[in-house]
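Hello,

Here is the structure we talked about handing over. Please look through it first, then read the notes below.

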Amino acid sequence: MMDFYYGSGSPYAWRVWLALEHKNLQYQRINLSFQDGDLKKDSFLSMNPRGKVPVLVDGEVTIFESSVILEYLEDKYPNVGANLFPLDVEARALSRIVINEIDVYLDSVSRRLLMTTLFTPKEKWDEAKISRAAELLDLELKRFDEYFVHSYEQKKLSAVEFSMFPIIALILRIEKQKPDLGFSRSMSSALESWFSALKLIPIFQTTRPPHWG
Ligand SMILES: N[C@@H](CCC(=O)N[C@@H](CS)C(=O)NCC(=O)O)C(=O)O
């Protein structure tokens, strides 16, 4: 049985949880507390020296970095449950490109919005910084529009959807705290249809962080 270390509300841990469910693998979920400093304890740092979730322990092997965990699960358990990546080599490379773009480009702008809003006390919010972060995020998301259309039309459920969905859910959660962000109003129809369709699928509902409501 694998041990899956996560923290509730982490979009990167959420993607791994979705993948474990999608592949129907047996695992034990270990919920760590950010507030209690669980991620900075020696026992956890010995698994991931960066002190970040998710971490997956599978027998003798310890893996961190969520996108690598997704690849590991697919490589190690290719015939268990549903696939996380297309079998075709070219299509697989295209999936990896999108996940890499999420991790490198979308991650940095979504973190910028997170840091200037949820991770800053409300009385210290700097409206100019928040608008700039929202603007950059909007621009970055537009780059994925073609993928949203394709995924929606093909009814795709793969590592790419599992990587992107938690980030969009987090952005919408930020907007709940700051409704004038207007993110849901400016969402492209491609993104909106894609997100609304995935939201109805049971694994996206059962794995949603409970404190997000
Ligand atoms: N690139 C990493 C990002 C992981 C990450 O940033 N995890 C955050 C939660 S979303 C974390 O554990 N933060 C705790 C900290 O930095 O102290 C991955 O994909 O696994």
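**Around the ligand**

The shell of residues around the ligand divides into five nonpolar, five polar and two charged. Here Ala, Val, Leu, Ile, Met, Phe, Trp, Tyr, Cys and Pro count as nonpolar, Asp, Glu, Lys and Arg as charged, and the others, Gly among them, as polar. This is a predicted model: local features need pLDDT of at least 70, side-chain atom pairs count only at pLDDT 80 or more, and totals for chains, interfaces and linings use all residues. Residues are numbered from 1 along each chain as its sequence is written.

The residues around the ligand include Gly7, Tyr12, Lys52 and Glu65; a residue is near a molecule if its C-beta atom, placed from the backbone, lies within 6 Å of it. H1 and helix H3 (66–76) each supply at least two residues of this shell. Helices (H or I, at least four residues) and strands (E, at least two) are DSSP runs, numbered from the N terminus.

**The sheet**

Four strands form an open sheet with mixed pairing, in the order S2-S1-S3-S4; two strands pair if DSSP finds at least two bridges between them. Strand S2 (27–31) and strand S4 (61–64) are at the edges with a single partner strand each, so one side of each has no neighbour in the sheet. From one strand to the next, the twist averages 20°. Strand S1 (residues 2–6) runs parallel to S2, and five bridges join them. Tyr5 stands opposite Ile30 in S2.

Helix H1 (residues 11–22) packs on the sheet, where it touches S1, S2 and strand S3 (55–58). Contact between two residues requires their C-beta atoms, placed from the backbone, to lie within 7 Å. The direction of H1 makes about 150° with that of S1. Axes are lines fitted to C-alpha atoms, for helices over the stretch in contact, and angles run from 0 to 180 degrees between N-to-C directions.

**Helix pairs**

The axes of H1 and H7 come within 8 Å and cross at roughly 140°. That makes H1 oblique to H7, since angles under 35 degrees count as roughly parallel, over 145 as roughly antiparallel, 65 to 115 as roughly perpendicular and the rest as oblique. Among the residues making the contact are Trp14 and Leu18 of H1 and Phe162 and Pro166 of H7.

Helix H4 (residues 89–116) and helix H7 (residues 159–177) have axes that come within 10 Å and cross at roughly 15°. H4 and H7 are therefore roughly parallel. The residues of their contact divide into 13 nonpolar, three polar and no charged.

Regards
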